[in-house]
Amino acid sequence: TQSLASAIPVNSNKPLEHGEANAPLTPEGLRAHPPSRLPGASTLSEENFSGKTGTVAPEGVNASIDTLDRVRVDSSGQRLTTNQGVPVADNQNSLKAGARGPVLLEDFILREKITHFDHERIPERIVHARGSGAHGFFECYEPLTQYTKAAPFEKAGKVTPVFVRFSTVAGERGSKDTARDVRGFAVKFYTDEGNWDLVGNNMPVFFIQDAMKFPDLVHAVKPEPHHQIPQAASAHDTFWDFVSLMPESTHMLMWLMSDRAIPRSYRTMQGFGVHTFRLVNDNGESFLVKFHWQPKLGTHSMVWEEAVKISGADPDFHRRDLWEAIEAGEYPEWELGLQIFTEEQAESFSFDILDATKLIPEELVPVQIVGRMVLNRNPDNFFAETEQVAFCAAHIVPGLDFTNDPLLAGRIHSYVDTQISRLGGPNFHELPINAPVAQVHNNQRDGMHRQAIHRGRVAYEPNSLAGGCPFQAGAGQGFASVARRLDAKESADKVRIKPEKFADHYTQARLFFESQTPVEQAHIGNAFRFELSKVTVPAIRERMVASLLNASTELGARLALDLGMELPAPLPKALENPTPPEVNRSPALSLMARPGDGGIRTRKVAVLVAPGVEGSSLGKVVSALVAAGAVPRLVGARLGTYVGVGGERFAADATLENSPGFLFDALVLPDGEEALQALDADAHTLEFLRAQYWHCKTILAFGASEALLAEAQIPMALPDGEADPGLILADAASADEAIADFVAALGRQRHFGRETDPPKI
Ligand code: HDE
């Protein structure tokens, strides 16, 4: 293909595909703009000095940057023009018949500007409307050619550019980040063999087994149609009405009520391909596979009370976190793990691998780590990249294939279809963010917004007039579907039924619940209680508890008590005696199973300052945090410089009012008599302190600030009488030791030993 393509000087490489060798509006040197942040500087995106065009991927690492460069626009030093490139003399006044006269229809400049503005919005995604994206790359650790010929897994060290979009599901585009919800985890691999979209979620199972039910599920969870309430929340009648009538959703409900649904950061959540896919090698042999993304930082979540507060103070919490981490050069990283297994193995499992409400316990099929993904560049423009990116479950490449999962089948149709209305036509693949790095040659033509200018008179195949080009690649090179049906024994009669094992709705819900630590189980119970207490129809609450009793009598009984109802009889099951499961506990399903390396990189620490703080200890703690990669922020009653007792100067760049405590991972209280008086007089301080304690975060109190703890009624010991590992007191002599303890405690992220139900603080 290469030699043929270069013989004909059309589309011989990607930039030329659009006739764009030297785009005049692409400024020279854009690639060379400096990283936007100096080490140790604030990560506030507003403070970047680079003109805000994103960070720079290491040279040669992100090939997708090249295809985007041809459309990047930088207006610095340029005059203002119309869309036709006509220079505009006056951008302040419309054209009028006299100073006080009517505006003239003739004013094409005004009309163009307003018309464009009128059409600036496109429909938001029907689900996953709220999201954030980033560029990066995938790097393969070892060749996987034994299993697959997919280009990204060809050899060790092979780098494939990616664009990733994380999202919530239910909320609208402007809704809060910290809703209780599933998170989308969609990865577009720009492979040499075309684009592969692994459109996954942060939970490995789904609510329903068949695409037929998806519109119902989404209608049930979205704001109720008569009054559009509630936004970005599942805690309402229609959602629980639907899921309580769909016992197949029980397993997913356990995940949704777990802390997985309120991640601390996109950077601290796992991703899953959910469905079983196929890997196909050069010999045409195929293997079954499940995809897992494992965050290098470990899995961490919020607590519910914190998530609720953050959604008010910073609805962009996750978006900001991802942006700032990348701007700061703290590139988030995940490892890709595969569970590879054969059809014979699959047949022996107690569950059906075509059922998206089931996972494969790692004890059954271990997760094999095969590569890593690093996100190292923020988009330049949210709309052009993050909003217009079009992920499609149908986008796979040679070396991969689908299985007969009936949920997946619907997705193969839905994504392309939805882009056509969302992005305005069938040419969405030509938008720069969607364009493959691989060349595109076919006989598809025309349609709304066509970019490519195809030469010649041939738009059909077979042809002789264009030398038979573009020609079929053939099964050896091109994509060829695996011929085998998953279950060759099945008859192929047309039926609307489900395989038998799909009817086991509770075994894995129980497995998940039983695999959680007591703290996580308590949180799951609290979440069910919260959500169901928002349901106004008692019959729905009762039906849900009756269903949950089949998964866990303990959970069901607790909920009946908490919701003030009689214990209902368990809901009749679709399958009374399911095949016994291979394992009853899978510790890997606990969030606590992946704490990360205990480091504190990118954790945000509030250091309270006021006039007359004891400065030397504060200086030490700030240096220690910076050295460990954390992000200390000096928080005062107002912005500006505060002078310590020893003349030290502290510049507060956040205030008690604009940055409440729950936005931080930890808190440092200063010593100093005058400072403490000032802090004590400000009600924000005690609020701050109580939030930190309630949300199980680490607190370091220097010297006399201990009195503030007492005033905030913070218990010095845990409810079980043990010392609180997250509460560290320091006097001047023990400062160094206390700071080391503080850093270690912060590395543990939360101190759940404090929790009581109801909370004492
Ligand atoms: Fe999606 N889903 N989905 N979904 N989904 C969409 O595509 C759909 C499902 C997922 O960041 C839509 O471009 C159907 C499972 C993500 O742009 C739409 C079914 C999983 C994203 C759609 C499912 C997902 C979407 C809406 C059941 C996890 C956001 C806009 C048969 C494996 C991608 C769009 C992004 C988005 C359909 C179920 C993940 C309507 C019909 C299961 C991460 O096409």
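Against which helices do the buried residues of helix 16 pack? The model examined here is predicted, so that local features are described where pLDDT is at least 70 and side-chain atom pairs count only at pLDDT 80 or more, whereas totals for chains, interfaces and linings use all residues. Residues are numbered from 1 along each chain as its sequence is written.

The buried residues of helix 16, which spans residues 553-562, are Leu555, Gly556, Arg558 and Leu559; here a residue is buried if 20 or more other C-beta atoms, placed from the backbone, lie within 10 Å of its own, exposed if 12 or fewer do, and partly exposed in between. Because these residues cover an arc of only 165° around the axis, they are on the same side of helix 16, the arc being that of the directions from the helix axis to the C-beta atoms. The buried residues of helix 16 pack against helix 13 (507-514), helix 14 (518-533) and helix 15 (538-548), where contact means that the C-beta atoms of two residues, placed from the backbone, lie within 7 Å. Helices (H or I, at least four residues) and strands (E, at least two) are DSSP runs numbered from the N terminus. Gly564, whose phi is positive and near 65°, follows helix 16.

Helix 13, helix 14 and helix 15 are also, together with helix 6 (237-244), among the elements that cover the buried residues of helix 7. In helix 7 (residues 250-257), 8 of the 8 residues are buried, so this helix is largely enclosed by the rest of the structure. Among these buried residues are His251, Trp255 and Met257.

According to UniProt, in an unreviewed entry, the feature "domain: Catalase core" lies at residues 81-469; UniProt positions are given in the numbering used here, feature names are shortened, and annotations may be inferred rather than shown by experiment. The span of residues 81-469 is 22% helix and 19% strand, and its end C-alpha atoms lie 41 Å apart.

Around the ligand there are 25 residues, of which Arg125, His128, Gly184, Ala211 and Gly410 come nearest; a residue is counted as near if its C-beta atom, placed from the backbone, lies within 6 Å of the molecule. At least two residues of this shell are supplied by each of strand 2 (159-168), strand 3 (183-191), strand 4 (194-201) and helix 12 (406-422), and helix 12 gives the most, with 7 residues. The shell divides into 12 nonpolar, 10 polar and 3 charged residues, with Ala, Val, Leu, Ile, Met, Phe, Trp, Tyr, Cys and Pro counted as nonpolar, Asp, Glu, Lys and Arg as charged, and the others, Gly among them, as polar.

The largest nonpolar core has 166 residues, and those with the most contacts inside it are Val607, Val609 and Leu700; such a core is a set of buried Ala, Val, Leu, Ile, Met, Phe, Trp, Tyr and Cys residues joined through C-beta atoms within 7 Å. Helix 21 (residues 735-747) gives the most to this core, with 7 residues. Not counting residues up to four places away in sequence, Leu700 touches Val621, Val668, Leu669, Ile728, Ala730, Ala738 and Phe742.

Two loop residues were also examined. Val303, in the loop between strand 7 (286-295) and helix 8 (304-313), counts as buried because it has 22 C-beta neighbours inside 10 Å. Ala459, in the loop between helix 12 and helix 13, is partly exposed, with 13 other C-beta atoms within 10 Å.
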